[in-house]
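Keep the structure open beside you as you read.

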Amino acid sequence: MKLTILGCHSATPRTNTNPTSQVLEIKNHMFLIDCGEGTQVELRRNKIKFSRIKHIFISHLHGDHYFGLIGLVSTFRLLTRETELHIYGPKGIKEVITLQLKLSDSWTNFPLIFHELTSKESELIFEDDKVEVYTIPLKHRIYTNGFLFKEKENERKLDINAVLNANIDKAYYRKLKQGADVINEDGKLIKNISVTQDPIPSKSYAYCSDTVYHEPIIPIIKNATILYHESTFLDKNESLCERTKHSTARQAAIMAKKANVKTLILGHFSTRYNGYDEFKSEAQKEFENVLLAQDGKCFEF
Ligand SMILES: [Zn+2]
């Protein structure tokens, strides 16, 4: 899995900071998560091929999370894209995007498929043979979802020497990888455990922005490999969280600890701060393994 941060700040774009957008590369997918202003420029800067993006996940309809979307859709059109584009986001996203296409008579020549979300419960919104994506219902000023990206359980690994010694026909390799016992060429039952090894543990990425500290999400994000949790403010400005429905670095870290995740990435920083080291030190009082998002930074895990 590879996560590229295109933007990790709140509110307005500034000279050196972009609003929220990121790309998650997982099992051959390039999932775009949120699409603030400047996303196209950052995709180019990070050399991410536009044509590889087939699924876009929008958390909520505050501008700093989707004002780049119509521009990107429009560029796809100019690049004469033909493949489907799936957009997942709150109800209303179809209306706001299609109105702009309609008024400029700029209908796309590729299928533009909206998946509008309304549920307040976590739901499975994407699935193929390798990956699942679930919503994470968050608590913000308007309807908002985070997203949980999960690899499906990986196949067992063949111990190739053991398999050859056991005289098993190649036609059974697939079954072995799926965990089944098989009969060998001599008609003898071969126990799966004797010729395979445990699979590589599957990984998951939980994206949670924007939200107040919200414990009901803990069962959904439990044991995630990586949690990206917004930390718009520092603890000294906690009073702003209630009004704006955001979190502090300390709260994000408590969430990481209670959900037993491996690593926490902090982001969605308010532009009122000049540096972000204090976010890390504040969070590390609660949870050790903390990283800071930064525009243009890649995390591989
Ligand atoms: Zn917001």
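## The zinc site

Donors here are N, O and S atoms within 2.8 Å of the metal (3.2 Å for Na, K and Ca), and water is not among the atoms, so sites may look incomplete. Along the sequence, the donor residues of the zinc ion follow the spacing H-x1-H-x77-H-x69-D. They are His-60 (NE2), His-62 (ND1), His-140 (NE2) and Asp-210 (OD), at 2.2 to 2.4 Å from the zinc ion. His-140, in the loop between strands E8 (131-137) and E9 (145-151), and Asp-210, in the loop between strand E14 (204-208) and helix H7 (218-221), are 70 residues apart and link distant parts of the chain. Helices (H or I, at least four residues) and strands (E, at least two) are DSSP runs, numbered from the N terminus.

Both His-140 and Asp-210 are buried, meaning under 20% relative accessible area (1.4 Å probe, protein chains only).

## Helix H10

In helix H10 (residues 277-284), the buried residues are Phe-279, Glu-282 and Ala-283. Because they cover an arc of only 95° around the axis, they sit on the same side of H10; the arc is that of the directions from the helix axis to the C-beta atoms.

## Nonpolar cores

A nonpolar core is a set of buried Ala, Val, Leu, Ile, Met, Phe, Trp, Tyr and Cys residues joined through side-chain atoms within 4.5 Å. The largest has 56 residues, of which Phe-149, Tyr-205 and Leu-266 touch the most other members. H9 gives this core its largest share, five residues.

## About the model

This is a predicted model: local features need pLDDT of at least 70, side-chain atom pairs count only at pLDDT 80 or more, and totals for chains, interfaces and linings use all residues. Residues are numbered from 1 along each chain as its sequence is written, and side-chain values use heavy atoms, leaving out hydrogens and water.

Definitions and conventions: Buried < 20%, exposed > 50% of the residue type's maximum accessible area, 1.4 Å probe, protein only.
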